[in-house]
Amino acid sequence: MNFLDDLNPQQRKVATTTEGPILVLAGAGSGKTRSIIYRTAYLINVKHINYYNILVVTFTNKAARELKDRLERSFNISAYSLWIGTFHSVCTRILREEQEFLPFTANFSIFDDVDQKSIYKKIYKKLNIDPKDFPQRRVASLISNQKNSLILPKDFFDFNEENYFTETTYKIYKEYQKFLLENNALDFDDLLMYTAILLHDNKVLRKKYADRFKYVMIDEYQDTNYAQFKIINLIAKEHQNLCVVGDDDQAIYSWRGANIRNILNFEKDYKNVLTVKLEQNYRSPKSILDAANCLIKNNSERHPKELWTDITSKEKPKLIKLENEKQEAEFIAEMVSQLTSSGTSLNDCLILYRTNAQSRVFENAFYQHKLKYQIVGGVNFYQRKEIKDIVAYLRILVNPQDTNSFIRIINFPPRKIGKVTTERIERFAEDNNMTLFDAVQNEISTLNGKTVQTVMEFGKLLKKWKNLSLEIPITPLVKKIIDELKLIDIYDDSDDPKDIARAENLKEFVTATQEFSDNFEYDTEKAPMLTDFLQSISLQTDMDNVDEDIETVKLMTMHNAKGLEFDHVFIVGVEDGLLPHSRSIDDVEKFEEERRLLYVAITRAKKSVHLTYTRMRQVFGSISMAIPSRFLMEIDNDLIEIENNRYYDLMAPRPKRRNINKKPVVTENQKYFKIGQKIYHSKFGKGIVLNVDGTGKEAKLSISFSGGQLKKIIGTFVTMGEK
DNA sequence: AGATGCCGGATTTTT
DNA sequence: TCCGGCATCT
């Protein structure tokens, strides 16, 4: 078979060594996805292995989809019958299949951290715990660690010493798990934990999955945690046909329980491991790679390797100092707009920052420059209020035990069922040992005359939709629910720009159901129903919602950039306290992880890298002096180019900004009007700015007035503020 | 029941 | 700076 000629010798070794354990140490851009694809194709097309016997685990849904697409396009392998997915999606699939061995049913809900937060709140109240003494974040993180280490509440003190913090955490953990089971719900960690425990405790099932998945491949192995290690180990221990691919230099998820030792110790965990190193980089020029290598070699614990490349370019990574974060954003926007005017697509530009909070100034700057942008991550689409509301309705129809969702929507949109009534319904449900869903089907005598009817009407409504959900596909169902609840109308009628965005998001949601349906029908030739849709969305990330059809600059955290590549990469806020983050500075392991994060960021670039830092930065509303990241000192001087003309010295008068763009110099005036600004007009009264077209006070404003009118007015005719 | 307004705490990163 | 939670008022 000559399709293997596309690979270099090491990659070919990976693709063709199908039996026994392989560790592939694949540097950034060394073609590891390619190796996995060719290996899969080799298994199927050459070795004639049944589709059914192959399991491929990726780090994101997006990576899984790309893998499937490429297998289909290049090798005509229909990916539908292949198990390719993230750990979480694979586990979900297994758990739904094996409900008879589990303490929950196949239609369980998956709770995200918004749900999680409200559960914790409830438990704190019930157990009378003060969140000030036991910060929810800290407790949740400890509990999450337990789950990732497969420690159930009953085993808690076998692994944790007893002190005032763990005592309480234990109580919360126990209560939390109880609540989830009562709701027939699992959180992200549970998906892994229950799967691992299931395979561990049940010999028959273990054999079933070991027999089914005769060939297992894991991508991004450096970022697996103990539960994930265990799941794979239980499946592959016998046949040992396991290929793991990863790069210890790109391990950036230890805070999520990922254990870098999984990859460092692979050779000890399995026998006669074949180790293959992929060190040729096909992505970045030498000038960029040299800087990255120079940085990462400062880490102590790593598999020794050095990336090299054939690609040459004179362009070294550039380092630019700016006055503050606004100037930083402004500078980047100018750079991007310069690139686009010389023919570069916005799609080839990537902005990377350490924390989501940094994205805001860039939004403003890109908006001003009329550059289309997309923020990936931050608040996930499915975590937005309006989306969670409609999803809560959908969840209840599938899983009536989901009281969390039930409470969320019992009075949304407002139907005059308040706190007192809700409590009475809950009491009634408890007394009669039924779900809230069933409770509201009854005439509850403890309620007031009118309220009884309201509640029953609500119950009937849910019942009606539940029946409907079994008959009609997801899209018409969602349309009908949104319609009957007038969800979009609620927001459309408002003059708050946030509400207008909400209305847009709901429409977007309907589109999402349609897209899902199209794919689902294509893949399975079945009608896309509610349960299918719900299963697909709970594990979706923002990355999966990136619209590839519009040209946009992408903005994301460095964590989100894993596995991606772009021509031009701008890494911003390269300052001590931000990168390395202040919370990681005094712990060696965390500190090295920060270094890897910068390494990942730099190695995304195919053509150019710009690193920026500021002289001072606003944090929490107060301004503080910024210190250039200590990582910058680790990169040899001759590997990086410093742009001096943008260096604003503390004492020196601020140099005039070089006009690198055809557009006029940006003045403060340009930021005079902002979206959401409250204004006053002598004739129309109070209003809110919905859009700003142009610069300064003369900008053309789209204004929504409190009287209901929507007008376009020149800025000079209105005053800022309410009067 | 719903609207308004004040206070206090939060920012690391995500499936 | 902003957001959410809570108290208070209508």
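Q: How many residues of strand S12 are buried?
A: Five of the five residues of S12, at positions 553–557, are buried, so the strand is largely enclosed by the rest of the structure. Note that this is a predicted model.

Q: Which residues of S12 lie on each side?
A: Start with the general idea. In a regular strand, side chains alternate between the two faces of the sheet. Now the case here. Val553, Leu555 and Thr557 lie on one side of S12. Lys554 and Met556 lie on the other. Both faces are covered, and all of these residues are buried.

Q: Which strands are joined to S12 by bridges?
A: Take strand S10, residues 349–353. Four bridges join S10 to S12, and the two run parallel. Leu350 has Lys554 as its bridge partner in S12. Then take strand S11, residues 373–375. Three bridges join S11 to S12, again in a parallel arrangement. Here Ile375 stands opposite Leu555 of S12.

Q: What do the totals for chain A come to?
A: Chain A has 27 helices and 22 strands. It holds 723 residues, and 54% of them count as buried. Among contacts in chain A with a separation of 6 or more, 73% are between residues 24 or more positions apart. The accessible surface of the chain is about 34000 Å², and carbon and sulfur atoms account for 49% of that.

Q: How many cavities of 30 Å³ or more does the structure hold?
A: The general idea comes from a probe. Rolling a probe the size of a water molecule over the atoms shows where empty space is left. In this structure there are four cavities of 30 Å³ or more. The second largest cavity contains about 50 Å³ of space.

Q: Which residues line the second largest cavity?
A: Leu55 and Val57 are in the lining, as are Phe87, Val90, Cys91 and Ile94. Phe213, Ile231, Ile232 and Ile235 complete the list. By class, that is ten nonpolar residues, no polar ones and no charged ones. Strand S2 (54–58), helix H4 (87–97) and helix H11 (226–236) each supply at least two residues. H4 gives the most, with four residues.

Q: What volume does the second largest pocket have, and how does its lining divide by class?
A: Its volume is about 1500 Å³. The lining of this pocket has ten nonpolar, eleven polar and 16 charged residues. In total, 37 residues line the pocket. Lys122, Phe179, Thr403, Ile407 and Glu426 lie nearest its centre.

Q: Which helices supply at least two residues of that pocket lining?
A: These are H5 (113–126), H8 (164–182), H18 (403–409) and H19 (419–431). H5 has the largest share, twelve residues.

Q: Is Gln240 buried or exposed?
A: Compare its relative accessibility with the cut-off for burial, which is under 20%. Gln240 has 18%, so it counts as buried. The residue sits in the loop between H11 and strand S7 (242–246). Beyond residues up to four places away in sequence, Gln240 touches Gly20, Pro21, Tyr270 and Lys271.

Q: What does Phe188 count as at 28% relative accessibility?
A: Phe188 counts as partly exposed. This residue lies in helix H9, residues 188–201. Leaving aside neighbours within four places in sequence, Phe188 contacts His88, Ile110, Phe111, Asp112, Asp113, Ser538 and Leu539. For a distance along the chain, take Arg502. Phe188 and Arg502 are 314 residues apart in sequence, and their C-alpha atoms are separated by 26 Å.

Q: Which peptide bonds are cis?
A: First, the background. Most residues other than glycine have a negative phi, and most peptide bonds are trans. Two cis cases can be pointed out here. The bond from Phe412 to Pro413 is cis, with omega near -10 degrees. Pro413 is in the loop between H18 and H19. The bond from Leu579 to Pro580 is also cis, with omega near 0 degrees. Pro580 is in the loop between strand S13 (566–571) and helix H26 (588–602).

Q: Where do Lys416 and Asn433, with positive phi, lie?
A: Lys416 has phi near 65 degrees and is found in the loop between H18 and H19. At 78% relative accessibility, Lys416 counts as exposed. Asn433 has phi near 55 degrees and lies in the loop between H19 and helix H20 (436–439). Asn433 is exposed too, with a relative accessible area of 73%.

Note on methods: Residues numbered from 1 in each chain as written. Chains lettered and ligands numbered in written order. Predicted model: local features only at pLDDT ≥ 70, side-chain atom pairs only at ≥ 80, totals over all residues. Heavy atoms only, no water. 1 Å grid on protein atoms, 1.4 Å probe; cavity = no way out; pocket = protein on both sides within 12 Å on 5 of 7 lines; lining within 4 Å. Points joined across faces, edges and corners; volume = space filled by probe spheres on them. Nonpolar A, V, L, I, M, F, W, Y, C, P; charged D, E, K, R; others polar. Buried < 20%, exposed > 50% of the residue type's maximum accessible area, 1.4 Å probe, protein only. Contact = heavy atoms within 4.5 Å. Areas by Shrake-Rupley, 256 points an atom, 1.4 Å probe, with all protein chains shown as cover. Pairing = 2+ DSSP bridges.
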